[in-house]
Amino acid sequence: RGVGILISKKLNYSLLDRAEDDLGNYLVIKCKIDNTTVLIGSIYGPNINDNSTVYDELDTDLDRLNNNKIILGGDWNCTVDCRNVDLNIDVLNMASIPSKLRSEKVKHIFNKYNLKDPYRYFYPNKRDFTYVPANLDATNRSRLDFFGVSESIVPKIGSCGISNALTNPAFDHKEIVIDFKKIRP
């Protein structure tokens, strides 16, 4: 397990606080970038035994860090859409969504902190997937990797996307990226 956040030396920032779980499933930093305080988090959701307590701990830490500008991203190991597979465009060729319990916990966090999925903001009906099983015969796909961004920040995003292919043959997840619009000084 393990997550990280890389910060450019060119960025004018100061670290104010941080939160992390003991298993390395998430790291959230509270930092000031120029004159804006924001929470930035890296997520690696549990995928064993339907463990969802990590999302309860994340919820508690987001409360403690107390900020209304949030950017969380990573491999959540669930979908943000809790609907069944017949209606859910984030899964393909699956009997059920990867974890309804974990998806419900993530949906709760999105609702509580007014987070939006910027991929769905830009592409409300596009079917694309981040998880590609290592078994070449498997046809199931899902979008387990995504961002949760405060609604007030979403208009500042210039683009959000999923890479066309795996960036390394050892990986089973595609890369996700958000780019922010350039701000004039």
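Cys31 is buried, with a relative accessible area of 2%; buried means under 20% relative accessible area, exposed over 50%, and partly exposed in between (1.4 Å probe, protein chains only). The structure is a predicted model, in which local features need pLDDT of at least 70 and side-chain atom pairs count only at pLDDT 80 or more, while totals for chains, interfaces and linings use all residues. Residues are numbered from 1 along each chain as its sequence is written, and side-chain values use heavy atoms, with hydrogens and water left out.

**Cysteines**

- The whole structure contains 0 disulfides, a disulfide being a pair of cysteine sulfur atoms within 2.5 Å.
- The cysteine sulfur closest to that of Cys31 belongs to Cys160 and lies 19 Å away, which is too far for a bond.
- Cys160 is also a buried residue, at 6% relative accessible area.
- For the sulfur of Cys160, the closest cysteine sulfur is that of Cys78, at 16 Å, again too far for a bond.

**Overall architecture**

- The protein chain has 3 helices and 10 strands; these are DSSP runs numbered from the N terminus, with helices (H or I) of at least four residues and strands (E) of at least two.
- Along the sequence, the elements follow the order β-β-β-α-β-β-α-β-α-β-β-β-β.
- The radius of gyration of the protein chain is 16 Å, which agrees with the value near 16 Å for a compact globule of 185 residues; the radius is taken over C-alpha atoms, and the globule rule is 2.2 Å times the number of residues to the power 0.38.
- Along the principal axes, the C-alpha atoms fill a box of roughly 50 × 35 × 30 Å.
- Of the 185 residues in the protein chain, 43% are buried.
- Counting contacts between residues at least 6 apart in sequence, 61% join residues at least 24 apart, where contact means heavy atoms within 4.5 Å.

**Salt bridges**

- The structure has 12 salt bridges, each defined by a side-chain nitrogen of Lys or Arg within 4 Å of a carboxyl oxygen of Asp or Glu.
- One of these salt bridges pairs Asp90 with Arg120, with an N to O distance of 2.5 Å. The pair links distant parts of the chain, 30 residues apart: Asp90 is in the loop between β4 (70-75) and β5 (91-92), and Arg120 is in helix α3 (residues 118-122).
- Both partners are buried, Asp90 with a relative accessible area of 2% and Arg120 with 17%.
- Asp117 and Arg143 form another salt bridge, their closest N and O atoms being 2.5 Å apart. Asp117 lies in the loop between β6 (115-116) and α3, and Arg143 in the loop between β7 (141-142) and β8 (145-150), so this pair ties together parts that are 26 residues apart in sequence.
- Asp117 is buried at 9% relative accessible area, and Arg143 is buried at 1%. Through salt bridges that share partners, Asp90, Asp117, Arg120 and Arg143 belong to one network.
- Lys100 and Glu104 form a salt bridge in which the closest N and O atoms are 3.6 Å apart. These two residues are separated by about one helical turn, being 4 residues apart in helix α2 (residues 100-112).
- Lys100 is partly exposed, at 44% relative accessible area, as is Glu104, at 38%.

**Surroundings of Leu144**

- Leu144 is located in the loop between β7 and β8 and is buried, with a relative accessible area of 5%.
- Excluding residues up to four places away in sequence, Leu144 touches Gly74, Asp75, Trp76, Asn77, Cys78, Thr79, Pro98, Thr130, Tyr131 and His173.
- Leu144 and Pro98 are 46 residues apart along the chain, and their C-alpha atoms are separated by 8.5 Å.

**Surface**

- The protein chain exposes about 10500 Å², of which carbon and sulfur atoms supply 50%; accessible areas come from the Shrake-Rupley method with a 1.4 Å probe, and for residues only the protein chains shown count as cover.
- A nonpolar surface patch consists of Ile7, Leu11, Tyr13 and Leu15, which together have about 340 Å² of accessible area. Patches are made of residues with over 30% relative accessible area and no salt bridge, joining like charges within 9 Å and nonpolar side chains (Val, Leu, Ile, Met, Phe, Trp, Tyr) within 5 Å.
- Within this patch, Leu15 belongs to strand β1 (residues 13-20).
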